[in-house]
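Work through the exercises below with the sequence and the structure at hand. Try each task before reading its solution.

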Amino acid sequence: MNRLWLLSGASRGLGAALARAAVAAGDRAIGIARGDSSAGETLRWDLSRPAGLAAAVAERLEQARRAEAPPSAWVLVNNAGLLGPIGERYGEDEVQAVLQVNLASAILLSRAFVDALSDVSAPKQVINISSGAATRTIAGWSLYSASKAGLEHYGRGLAAEQATAEHPVDVVNLSPGVIDTDMQAEIRAAGPKGFPDHDRFVGLQAEGALASPDAVAAAILRGASSRCRHAGATLTLAEYAGR
Ligand SMILES: NC(=O)c1ccc[n+]([C@@H]2O[C@H](COP(=O)([O-])OP(=O)(O)OC[C@H]3O[C@@H](n4cnc5c(N)ncnc54)[C@H](OP(=O)(O)O)[C@@H]3O)[C@@H](O)[C@H]2O)c1
């Protein structure tokens, strides 16, 4: 379809599935992570060290704009994320890393995306991959939850700012449900200390309740094909995919 997908965290889990799905659909995918993207191109970056990231992204977007066949639509997926330590204790480095990767890098990438494409009239969308933890209280996840609550509220603010833009970027916060990735393995491995909901997450896997990353990616591609504007709303995957 010749869309351009800028995907943070495209080396593993949901982001890797999104890169595969986008490339399979005939789109271009640029993944940003420390590891290689599962498909498409890689911009190697440690998002906990964002200096220079905005300029590097702006350069990639500028190259894409100058291409003989520029993208028909542009999508940024702020997907990279880490849980950080589960439980009641964490230190300075852990606070920095979670907030940088889950929140600050998403803000920087969004800013670079919006600014580099401000005069592009083709459809443009920012998808923030959030979590039920943004609004539901889970003891032992306070740091992760705070980062996702911040990400969602950033999305609402950015959408409000874009409402008056000549060529506005649409923004959606997406709560993808539970997915069978390394992150869920990490949750189960954490054990119940300082994390009273641990058994529930172990049960989700035992009951086969985790969605496959490929199925979630396919639903996101379906949702991104609609011309619906979301204006910073927080949606479940089914709502976004239009089912
Ligand atoms: N899995 C779930 O059940 C679930 C539920 C709700 C929301 N989510 C959200 O969905 C998103 C994807 O999660 P996932 O389950 O696919 O996680 P995952 O399998 O652990 O993958 C995380 C991705 O984030 C990237 N990342 C982590 N730290 C990074 C850093 N310092 N610099 C650059 N990239 C970094 C990783 O790339 P590198 O390690 O190669 O850098 C990897 O590609 C996250 O935002 C998560 O919060 C997941």
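**Exercise 1.** Find which element gives the largest share of the lining of the largest pocket.

*Solution.* A pocket is found on a 1 Å grid over the protein atoms alone, as an open set of points where a 1.4 Å probe fits, with protein on both sides within 12 Å along at least five of seven lines; lining residues have an atom within 4 Å of a point. Helices (H or I, at least four residues) and strands (E, at least two) are DSSP runs, numbered from the N terminus.

Step 1: Helix H1 (13–24), strand E2 (28–33), H4, H5 and helix H6 (198–206) each supply at least two lining residues.

Step 2: H5 has the largest share, five residues.

The model is predicted: local features need pLDDT of at least 70, side-chain atom pairs count only at pLDDT 80 or more, and totals for chains, interfaces and linings use all residues. Residues are numbered from 1 along each chain as its sequence is written, and side-chain values use heavy atoms, with hydrogens and water left out.

**Exercise 2.** State the volume of the largest pocket and describe its lining.

*Solution.* Step 1: the volume, taken as the space filled by probe spheres set on grid points joined across faces, edges and corners, is about 1000 Å³.

Step 1: 44 residues line this pocket, and the closest to its centre are Asn79, Gly81, Leu82, Thr181 and Met183.

Step 2: sort the lining by class. Ala, Val, Leu, Ile, Met, Phe, Trp, Tyr, Cys and Pro count as nonpolar, Asp, Glu, Lys and Arg as charged, and the others, Gly among them, as polar.

**Exercise 3.** Locate the ligand and describe the shell around it.

*Solution.* Step 1: the ligand sits in the largest pocket (more than half of its atoms lie within 2 Å of the grid points).

Step 1: 30 residues surround the ligand (a heavy atom within 4 Å), the closest being Ser11, Arg12, Arg34, Tyr144 and Thr181.

Step 2: the shell divides into 13 nonpolar, twelve polar and five charged residues. H5 (182–190) gives the largest share, three residues.

**Exercise 4.** Give the distances from ligand atoms to Arg12, Leu14 and Leu47.

*Solution.* Step 1: a ligand oxygen is 2.7 Å from a side-chain N or O atom of Arg12.

Step 1: a ligand oxygen is 2.8 Å from a polar backbone atom of Leu14.

Step 2: a ligand nitrogen is 2.8 Å from a backbone N or O atom of Leu47.

How values were computed. A polar contact is a pair of N or O atoms within 3.5 Å; within protein, one must be able to donate a hydrogen and the other to accept it, and residues adjacent in sequence count only if both atoms are side-chain atoms.
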